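Please keep the sequence and the structure in view while reading.

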Amino acid sequence: MWDVLIHTISTDKNWSHSLSARFESLGYENIRKEIYYPAISQGLPMSEFWYLTWKEIQERLIEVGKLQPDVLEKAGKALLYGKVSDISPGMLTCIGQKPGK
């Protein structure tokens, strides 16, 4: 999945590692980061998000990932109907303050 996202929409899964340095270079202070890992389980929005993402890039997943269509469909149904419980890739928030603010 990551290979497909990287090559189709330029996802950079390592970009967040540079956020603190970017904030510092802009003069921010009191820089803090928070990571949120949404749950994936039956009925949760993140499960539907990933299911729909997989459906949207299905052809590329099969081509690049060499997945069989039936395997991808089984994985998607397991994601939607509760046979999978996991955490989604994290979402990082970085905040800071401009001096004197």
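## A charge over a ring

In this predicted model, lysine 98 lies over the face of tyrosine 28, at 5.0 Å from the ring centre. Tyrosine 28 counts as partly exposed, because its relative accessibility is 28%.

## Aromatic pairs

Two aromatic pairs turn up in a search of the whole structure. In one of them, the ring centres of phenylalanine 23 and tyrosine 28 are 5.2 Å apart and the ring planes stand at 45°, so this pair is tilted. Phenylalanine 23 has a relative accessibility of 19% and therefore counts as buried, since buried means under 20%.

Phenylalanine 49 and tryptophan 50 also form an aromatic pair, with 5.0 Å from centre to centre. Their planes are at 80°, and the pair is edge-to-face. Phenylalanine 49 has 44% relative accessibility, so phenylalanine 49 counts as partly exposed. Tryptophan 50 has 9%, so tryptophan 50 counts as buried.

## The largest nonpolar core

Which residues make up the largest nonpolar core? There are 10 in all: Val4, Leu5, Ile40, Met46, Trp50, Tyr51, Ile57, Leu61, Leu72 and Leu79. At least two residues of this core come from each of helix 1 (2-9), helix 3 (45-56) and helix 5 (69-80). Helix 3 gives the most, with three residues.

Tyrosine 51 touches Glu73, Gly76, Lys77, Leu79 and Leu80. Leucine 79, which lies in helix 5, is in contact with Ile40, Ser41, Ser47, Trp50, Tyr51, Trp54 and Val84. The relative accessible area of leucine 79 is 4%, so leucine 79 is buried. Leucine 79 and threonine 53 are 26 residues apart in sequence, and their C-alpha atoms are 12 Å apart in space.

## Serine 47

Is serine 47 buried or exposed? Its relative accessible area is 1%, so serine 47 is buried. This serine is found in helix 3. Apart from residues up to four places away in sequence, serine 47 touches Ile40, Ser41, Leu79 and Leu80. Of these, Ile40 and Leu79 are also listed in the largest nonpolar core.

Tryptophan 2 has its place in helix 1. With 29% relative accessibility, tryptophan 2 counts as partly exposed. Beyond residues up to four places away in sequence, tryptophan 2 touches Thr11, Lys13 and Pro89. Tryptophan 2 and serine 25 are 23 residues apart in sequence, and 29 Å separates them in space, C-alpha to C-alpha.

Asparagine 30 is placed in strand 1 (residues 29-36). The phi angle of asparagine 30 is near 50°, a positive value in a residue other than glycine. Because its relative accessibility is 48%, asparagine 30 counts as partly exposed.

## Empty spaces

Rolling a probe the size of a water molecule over the atoms shows where empty space is left. How many cavities of 30 Å³ or more does the structure hold? There is one cavity of that kind. The largest cavity has a volume of about 60 Å³. Its lining consists of Tyr51, Trp54, Lys55, Gln58, Pro69, Leu72, Glu73 and Gly76. Helix 3 and helix 5 each supply at least two residues of that lining, and the largest share, four residues, comes from helix 5.

The largest pocket has a volume of about 540 Å³. It is lined by 20 residues, of which Lys13, Ser16, Pro89, Gly90 and Met91 are the closest to its centre. Helix 1, strand 1, helix 3 and strand 4 (91-97) are the elements that give two or more residues to the lining of this pocket. Lys13 and Pro89, from the group closest to the pocket centre, are also contacts of tryptophan 2.

Notes:
Residues are numbered from 1 along each chain as its sequence is written. This is a predicted model: local features need pLDDT of at least 70, side-chain atom pairs count only at pLDDT 80 or more; totals for chains, interfaces and linings use all residues. Side-chain values use heavy atoms; hydrogens and water are left out. Rings of Phe, Tyr and Trp (its six-membered ring) pair if their centres lie within 6.5 Å; planes under 30 degrees apart count as stacked, over 60 as edge-to-face and the rest as tilted. Buried means under 20% relative accessible area, exposed over 50%, partly exposed in between (1.4 Å probe, protein chains only). A charge sits over a ring if NZ of Lys or CZ of Arg is within 6 Å of the ring centre and within 35 degrees of the ring normal. A nonpolar core is a set of buried Ala, Val, Leu, Ile, Met, Phe, Trp, Tyr and Cys residues joined through side-chain atoms within 4.5 Å. Contact means heavy atoms within 4.5 Å. On a 1 Å grid over the protein atoms alone, a cavity is a set of points where a 1.4 Å probe fits but cannot get out, and a pocket is an open set with protein on both sides within 12 Å along at least five of seven lines; lining residues have an atom within 4 Å of a point. Grid points are joined across faces, edges and corners, and a volume is the space filled by probe spheres set on the points.
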